[in-house]
Amino acid sequence: MSYDFIIVGGGSAGCVLAARLTESGSARVLLLEAGGNDRNLLYHVPAGFAKMTRGIGSWGWSTVPQKHLGNQIIRFTQARVIGGGSTINAQIYTRGNALDYDEWRQAGCTGWGYEDVLPYFRKAEDNDTFDNRYHGKGGPLGVSQPSAPLPICEAFFAAAGQVGIPRNRDLTGESQEGVGYYQLTQRNARRSSTARAYLIPAMRRPNLTVRTDAQVLRIVVEKGRATGVELATPGGTEIIKAGTEVILSSGAIGSPRLLMLSGIGPADHLRDVGVTPVLDHPGVGSNLQDHIDLFVIAECTGEHTYDRYAKPFWSAVAGLQYLLTRRGPVASPLFETGGFWYADRDARSPDIQFHLGLGSGIEAGVARMPHGGVTLNSAYMRPRSRGTVRLASADPRAAPLIDPNYWADPVDRQRSIEGLKLAREIMRQDALKPFVLAERLPGPDVRSEAEYFTYACRNAKTDHHPAGTCRMGVDAGAVVDPELRFRGLAGLRVADASVMPAVVSSNTNAATIMIGEKAADMIRAAHGA
C-alpha cells in the first residue's frame with residue numbers, strides 16, 4: 001500500500017498529526033512507532049508515573065559523563081511506547097511563558113509568537129475548569145484539576161507565601177508567577193495521553209494505518225527528496241514510500257538520531273562512525289537543551305504523603321480505593337503541586353520551576369525516606385548551556401551519545417543552586433512544620449558553594465525536557481524553517497520538541513502537542529490534505 005504521509009514516531013506530536021491529517025478522509029497516512037502498545041494498566045493510572053523512570057516504556061538510555069558535573073552519568077528516560085512522552089510523563093500540563101514564544105518569533109520564526117500559538121493550545125484542550133481566553137473545552141486532550149490532593153499541598157502554598165511567593169489559581173493563564181495546583185493531562189482520573197485522546201478515536205478511519213514495534217532504520221532520500229523510509233522487519237528490511245511527505249516526530253533525541261543514521265547531519269561525524277553522508281547539515285543534533293533538577297527531601301512527622309503505599313498491602317488498598325472512587329494515591333501523578341518563581345529577580349519572567357513530590361524516592365535513583373518523606377524539586381528554566389546528540393556507531397540498535405552539557409555555562413550552575421536554596425527555604429517555613437520533621441537531603445552539612453556543587457554532582461537529574469536538536473529558524477544553522485520543512489531536503493518535515501529554538505520555561509509536553517496541532521494545519525494548507 002502507498003501512503004501520502006508517513007509519520008515516524010507515535011509520540012506527543014506524532015499522534016496529533018496522525019489524527020488531524022486523516023480528518024478529511026482524503027490523505028492516506030501511516031504512523032510508525034518503534035515502541036509497543038499502551039495496554040499495561042500502569043500507563044493509564046496516574047500514579048503509574050512512579051514506574052516509568054525505572055524503565056517501563058523507555059529506551060533505557062543515559063547521558064555521556066557530564067564534565068561540568070563531576071563526570072556524572074545521568075539516566076535519561078525517553079519514551080518507547082505509543083503516545084511517547086505523554087504516555088509515561090507525570091501528566092503536568094504547563095505551557096511555558098508567553099515571552100518564550102514571542103522570543104521565537106523575534107528570532108525569525110514567523111507565526112510562532114504567543115498569540116499565534118495560543119489558539120492551538122486552546123484547540124487541543126478539554127479543560128474541566130476553565131473556558132476563557134487562555135483555555136478551551138471540547139478538544140481531544142483531557143486537562144483536569146488534581147483529584148487527590150493532600151493537606152501538605154496547602155501547607156506548601158502557605159510556606160511559599162511566607163517567603164513572598166503568591167498563590168496562583170491558574171499557572172497556565174494570565175500570569176505564570178506563583179505556586180498552585182498544576183492542571184494535569186487526565187480525564188476522569190485517568191491519563192489522557194495523545195494515544196488515547198487523539199489516536200484511538202482516529203483509528204476507525206480507513207485512511208489511517210498504525211504500526212507499533214516498527215523501527216525505522218533510515219529515511220530514504222532520492223535526488224534531494226525524502227521519498228520514504230526503510231523499516232526493520234523479522235526477515236530483513238522493507239521500503240515504504242511516501243507520495244507527499246515524510247514527517248519526523250521522534251523527539252529531541254530520536255529525530256536527530258534517525259536523521260544521522262540516514263546520512264543527514266554533520267558529515268565529518270557521520271564518516272567517523274561509518275555512515276555515508278547524504279547531506280551535510282551541522283545543525284542536526286546540535287543545540288540540545290534540557291532542564292536539570294535539584295531536589296530537597298525531608299522526612300515527615302507522620303504519614304502525610306504517599307510513601308507507605310509502596311508496600312504491597314497498602315498498594316492493594318490504594319488500588320481498591322481507586323477502582324471504587326477514582327481517588328486516593330493511584331489517582332495522583334505524585335507531582336501535582338508546584339509553581340514558578342525567580343532565582344534572578346531581574347529575569348524577564350520566572351526562571352525557576354518547583355514540583356512538590358508527594359513522597360520520597362519517586363523517581364529512579366532518588367533516595368527514599370524509611371519513615372515517609374516529601375520532595376521538592378527545583379529546576380532552572382532557561383539554560384544557556386547547549387549540548388549535542390551524536391551517534392556511537394552506524395548500528396541503529398546502538399544507544400546514541402546524549403550530551404546535554406549541563407552547566408557548561410556557569411550562569412546555569414549559579415541559578416540552579418539559587419533555586420535549590422529557595423526550595424530549602426520554603427521547606428523550613430513554619431507552615432510546613434506540622435508535616436516536616438527535618439530536611440535529610442541536601443542536609444545541614446551543605447552550606448558552602450563547594451558543598452552545593454558536590455551535592456549536585458551526586459544527585460542532579462534530568463527534568464525530562466530535552467529540546468532544540470532540529471532547531472527552527474531562518475539562519476544558515478537552522479535545521480527546519482518556520483513551516484517545519486527540512487532545510488536542504490524536499491518532502492521532509494520535523495514536528496516535535498526538537499524544533500524548539502529554545503526550550504520553553506516549563507514542562508514540554510503541552511508545547512509539543514501544540515507543535516503537532518500547528519504542524520498539521522500547515523501541512524494541510526500546503527497540500528490540501
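This is a short tour of a predicted model, stop by stop.

Residues are numbered from 1 along each chain as its sequence is written. Local features need pLDDT of at least 70 and side-chain atom pairs count only at pLDDT 80 or more, while totals for chains, interfaces and linings use all residues; side-chain values use heavy atoms, with hydrogens and water left out.

**Stop 1: helix 8**

Select residues 251-261, which form helix 8. Helices here are DSSP runs of H or I with at least four residues, strands are E runs of at least two, and both are numbered from the N terminus. Buried means under 20% relative accessible area, exposed means over 50%, and partly exposed lies in between (1.4 Å probe, protein chains only). Color by residue and you will find G251, P256, R257 and L261 among the buried ones. Now step just past the helix to G263, where phi is positive, at about 85 degrees.

**Stop 2: the largest nonpolar core**

Next, select W112 and L484. These two have the most contacts inside the largest nonpolar core, a set of 162 residues. Such a core joins buried Ala, Val, Leu, Ile, Met, Phe, Trp, Tyr and Cys residues through side-chain atoms within 4.5 Å. Show helix 13 (residues 509-527) as well: it gives the most to this core, with nine residues.

Zoom in on W112. Leaving aside residues up to four places away in sequence, W112 touches L484, M514, I515 and M522, among others. R105 and K518 are also on its contact list. Contact means heavy atoms within 4.5 Å.

**Stop 3: salt bridges**

Side chains of opposite charge can pair when their charged atoms come close. A salt bridge is counted when a side-chain nitrogen of Lys or Arg lies within 4 Å of a carboxyl oxygen of Asp or Glu. The count comes to 34.

Select R218 and E230. Their closest N and O atoms are 2.5 Å apart. R218 sits in strand 11 (residues 216-222) and E230 in strand 12 (residues 225-233), 12 residues apart. Which of the two is buried? E230 is, at 14% relative accessibility; R218 is partly exposed at 31%.

Move to D430 and K433, which pair at 3.7 Å, N to O. D430 is exposed at 54%, and K433 is partly exposed at 49%.

Then pick D481 and R485, with N to O at 2.8 Å. D481 is buried at 15%, whereas R485 is partly exposed at 40%.

Finish by selecting R20, E23, K123, E517, D521 and R524 together. Salt bridges with shared partners join them into one network.
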